[in-house]
Amino acid sequence: ILSSVSGVLSLFTDTPQAARVFCPPKSAYFPETDAPFANDRTRHLKPLQKFSVLLEQGKVIGINFPTAMNPNLAKILCTMIKSDFQAAMINRIPIIEKNADKYFRPVFKVIDEYHLLCTLGGTMNTGDDQFFALSRESRCIAILATQSITSIKTATGGGETYKTLLQAIRTQLCLGTSDLDTAKYFADVIGKIDKLKLSVNVSETSQDANVSLITGRTVGEKSTVSQSMNYSTAMEYVFEP
């Protein structure tokens, strides 16, 4: 356990900017106790309040960390912040239930390139599938943008667990895609309906048929032509993949 935690936290020691923002010294929280040890760069730092406080104040919190700078650090930071936010929202549910007559503001959670941050399983604070199953009770409205179903499937290990996440996200929009799994998924979600299909058969019969030397087609003295039309219903996609 110590080795795993040390490996994760070493990213902060290797990146001074991240350490300064996410690991402020004690003087940032208790300036009167550690003021002699605070330098000029950390003396006036103001720690971020808890998510539970910021959300009720209607604050907007944005995370802008280019993954190209440090992919591992970016994913760890964003995942930690996302988990902290989700924990605050889950803890909001019993407060809402105890104060049914009080108004609680809706909270938006907007994530672009969501497949880079999705986590499944674990507890409802860390597993997105379990969080989204309960998030509506906490007045949380999530807007998630991803490249494709395959992107989420790959990011979650390539198994079938991603399906538990998709079924918890009830409103889904699909733009143009070249991913076959995504196209098939949305075609299946929209479903099939009974469609009326017409089949037409035309047949021609000839007696004493011969082959014409001029046209190369069969000819005969007596010929008949018949046509039949049949209607039937079949289950077909509303929108083909």
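I began with the nonpolar patch, to which strand 3 (192-207) and strand 6 (222-237) each supply at least two residues. I took helices (H or I, at least four residues) and strands (E, at least two) as DSSP runs, numbered from the N terminus.

I note that this is a predicted model, in which local features need pLDDT of at least 70 and side-chain atom pairs count only at pLDDT 80 or more, while totals for chains, interfaces and linings use all residues. Residues are numbered from 1 along each chain as its sequence is written, and side-chain values use heavy atoms, with hydrogens and water left out.

**Entry: confidence**

I looked up pLDDT, the predictor's confidence in each residue, from 0 to 100. The protein chain has a mean pLDDT of 83, and 90% of its residues reach 70 or more. Which elements have the lowest and the highest mean pLDDT? Helix 4 (residues 31-34) is lowest at 59, and strand 2 is highest at 93. Where pLDDT is low, the predicted coordinates should not be read in detail.

**Entry: the patch**

I listed the members of the surface patch as L196, L198, V200, V202, V225, M229 and Y231, with about 740 Å² of accessible area together. Patches are made of residues with over 30% relative accessible area and no salt bridge; like charges are joined within 9 Å, and nonpolar side chains (Val, Leu, Ile, Met, Phe, Trp, Tyr) within 5 Å. I used accessible areas from the Shrake-Rupley method with a 1.4 Å probe; for residues, only the protein chains shown count as cover. Strand 3 gives the largest share of the patch, four residues. I checked L196, which lies in strand 3. L196 is exposed because its relative accessible area is 63%; buried means under 20%, exposed over 50%, and partly exposed in between (1.4 Å probe, protein chains only).

**Entry: I141**

I placed I141 in strand 2 (residues 140-144). I141 counts as partly exposed because its relative accessibility is 37%. Leaving out residues up to four places away in sequence, I found that I141 touches P106, V107, F108 and K109, where contact means heavy atoms within 4.5 Å. From I141 to P106 I count 35 residues in sequence and 7.1 Å in space, C-alpha to C-alpha.

**Entry: helix 10**

I asked which residues of helix 10 (residues 180-190) are buried. They are T182, A183, F186 and A187. Seen down the helix axis, these buried residues fall within an arc of 130°, so they line one face of helix 10; the arc is that of the directions from the helix axis to the C-beta atoms. Their cover includes helix 8 (149-155) and strand 6. On the face turned away from the buried side I noted the exposed residues L180 and V189. Just after helix 10, G191 takes a positive phi of about 95°.

Most residues other than glycine have a negative phi, and most peptide bonds are trans. I logged E113, which is not a glycine, at a positive phi of about 50°. E113 lies in the loop between strand 1 (107-111) and helix 7 (128-134), and is partly exposed at 28% relative accessibility. I also logged R139, again not a glycine, at a positive phi of about 65°. R139 is in the loop between helix 7 and strand 2, and is partly exposed with a relative accessible area of 36%.

**Entry: salt bridges**

Side chains of opposite charge can pair when their charged atoms come close. I used the rule that a salt bridge is a side-chain nitrogen of Lys or Arg within 4 Å of a carboxyl oxygen of Asp or Glu. How many salt bridges does this rule give? The count comes to five.

One is between the side chains of E56 and R92 (2.8 Å, N to O). That pair links distant parts of the chain, with E56 in helix 5 (residues 51-56) and R92 in helix 6 (residues 71-98), 36 residues apart. I find E56 partly exposed at 35% relative accessibility and R92 buried at 3%.

K82 forms a salt bridge with D128, the closest N and O atoms being 3.0 Å apart. This pair also links distant parts of the chain, K82 in helix 6 and D128 in helix 7, 46 residues apart. K82 is buried at 6% relative accessibility, and D128 is buried at 0%.

I also noted E160 and K163, whose side chains meet in a salt bridge (2.7 Å, N to O). E160 is partly exposed at 47% relative accessibility, and K163 is partly exposed at 44%.
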